[in-house]
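Me: Can you walk me through this one? Start with helix packing, then the overall picture.

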Amino acid sequence: ICLLLICGLVRYMECGPPRVNDKLMRFFDHCEKFLTEVERNATALYHVEAFKTGPEMQNILKKVAATLQVPVNDLNADLIQVAFFTCSFDLAIKGVKSPWCDVFDIEDAKVLEYLNDLKQYWKRGYGYTINSRSSCTLFQDIFQHLDKAVEQKQRSQPVSSPVILQFGHAETLLPLLSLMGYFKDKEPLTAYNYKEQMHRKFRSGHIVPYASNLIFVLYHCENAKTPKEQFRVQMLLNEKVLPLAYSQETVSFYEDLKNHYKDILQSCQTSEECELAKANSTSDEL
């Protein structure tokens with residue numbers, strides 16, 4: 001996963017040595033509330049486990065067992081997923097059709113896609129508030145770089161860092177996009193509304209495929225009529241323009257974008273968001 005900030009026109013640029021900052025890019029590993037309430041919580045992925053034993057997955061188990069001529073009790077949802085991933089990885093990486101692809105049809109693929117989306121939804125997306133709020137520091141870091149570029153242009157100085165590259169994983173990007181309000185469905189994804197969610201927005205395979213990337217492009221418009229109109233921002237997800245979550249416009253004045261996310265930029269403190277609630281020591285006193 002790549003987060004790319006581009007400020008202005010870049011022709012020649014020297015890059016400094018890369019710096020590892022896991023607290024920034026792997027914020028979830030350093031968020032105690034997320035680790036306790038989601039990562040290490042056996043019940044956090046309830047809907048994932050419930051869907052595995054639901055009718056949609058059980059139908060696939062029976063079909064695959066019949067195809068392979070093995071007792072259905074010898075199979076489970078996890079084994080089915082391994083077979084499906086073997087098929088999908090070979091297709092995506094090698095362009096090869098694995099024999100395992102022959103045991104699935106399109107309807108099976110849709111069910112297995114939903115199973116994976118359930119996991120990503122409840123562990124990295126909108127399932128729990130802390131999933132996205134834990135990414136506040138990264139979100140604020142992006143805008144600090146943009147602020148610096150704006151300030152330097154206003155002072156007629158060269159932009160010291162015209163391109164900022166940050167590299168992470170899908171686990172980095174999904175919470176960030178959720179924090180910004182993207183791909184949010186009216187109803188949460190659950191083990192029991194598969195049919196109702198056939199046209200859902202939250203499809204992790206489309207949002208964060210291989211080599212997925214999120215790009216913030218800052219434009220400086222020299223002929224702008226007002227100071228506000230001088231700086232505009234456009235976002236791209238996987239090299240395609242990403243309309244603004246709050247307006248569906250493809251470009252925003254930088255000031256308007258900051259105002260929309262004012263709460264996150266000013267009030268979201270990762271140290272506070274990730275802090276576990278302290279037990280009230282006096283609650284049990286008579």
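**Helix packing and overall build**

Reply: This is a predicted model. The axes of helix α8 (residues 136-154) and helix α9 (residues 170-179) approach within 9 Å and cross at roughly 75°.

Me: What does that make α8 relative to α9, parallel or perpendicular?

Reply: Roughly perpendicular, because angles of 65 to 115 degrees count that way.

Me: Which residues make the contact?

Reply: From α8, Cys 136, Leu 138, Phe 139 and Ile 142. From α9, Thr 172, Leu 176 and Leu 179.

Me: And α5 with α6, at what angle do the axes cross?

Reply: Roughly 105°, with the axes coming within 11 Å. The helices are α5 (residues 77-94) and α6 (residues 106-123). That makes α5 roughly perpendicular to α6.

Me: Who touches whom there?

Reply: α5 brings Ile 80, Gln 81, Phe 84 and Phe 85. α6 brings Ala 109, Leu 112, Leu 115 and Asn 116.

Me: Zooming out, how many helices and strands in the protein?

Reply: 13 helices and six strands. The C-alpha trace spans about 75 × 70 × 40 Å along its principal axes.

Me: What share of the residues is buried?

Reply: 43% of the 286 residues. For contacts with a separation of 6 or more, 70% are between residues 24 or more positions apart.

Me: Last topic, charges. How many positive and negative?

Reply: 32 positive and 36 negative. Their mean positions are 4 Å apart.

Terms used. Residues are numbered from 1 along each chain as its sequence is written. This is a predicted model: local features need pLDDT of at least 70, side-chain atom pairs count only at pLDDT 80 or more; totals for chains, interfaces and linings use all residues. Side-chain values use heavy atoms; hydrogens and water are left out. Helices (H or I, at least four residues) and strands (E, at least two) are DSSP runs, numbered from the N terminus. Buried means under 20% relative accessible area, exposed over 50%, partly exposed in between (1.4 Å probe, protein chains only). Contact means heavy atoms within 4.5 Å. Lys and Arg count as positive and Asp and Glu as negative; His and the chain ends are not counted. The place of a charge is taken as NZ of Lys, CZ of Arg, CG of Asp or CD of Glu. Axes are lines fitted to C-alpha atoms, for helices over the stretch in contact, and angles run from 0 to 180 degrees between N-to-C directions. Angles under 35 degrees count as roughly parallel, over 145 as roughly antiparallel, 65 to 115 as roughly perpendicular and the rest as oblique.
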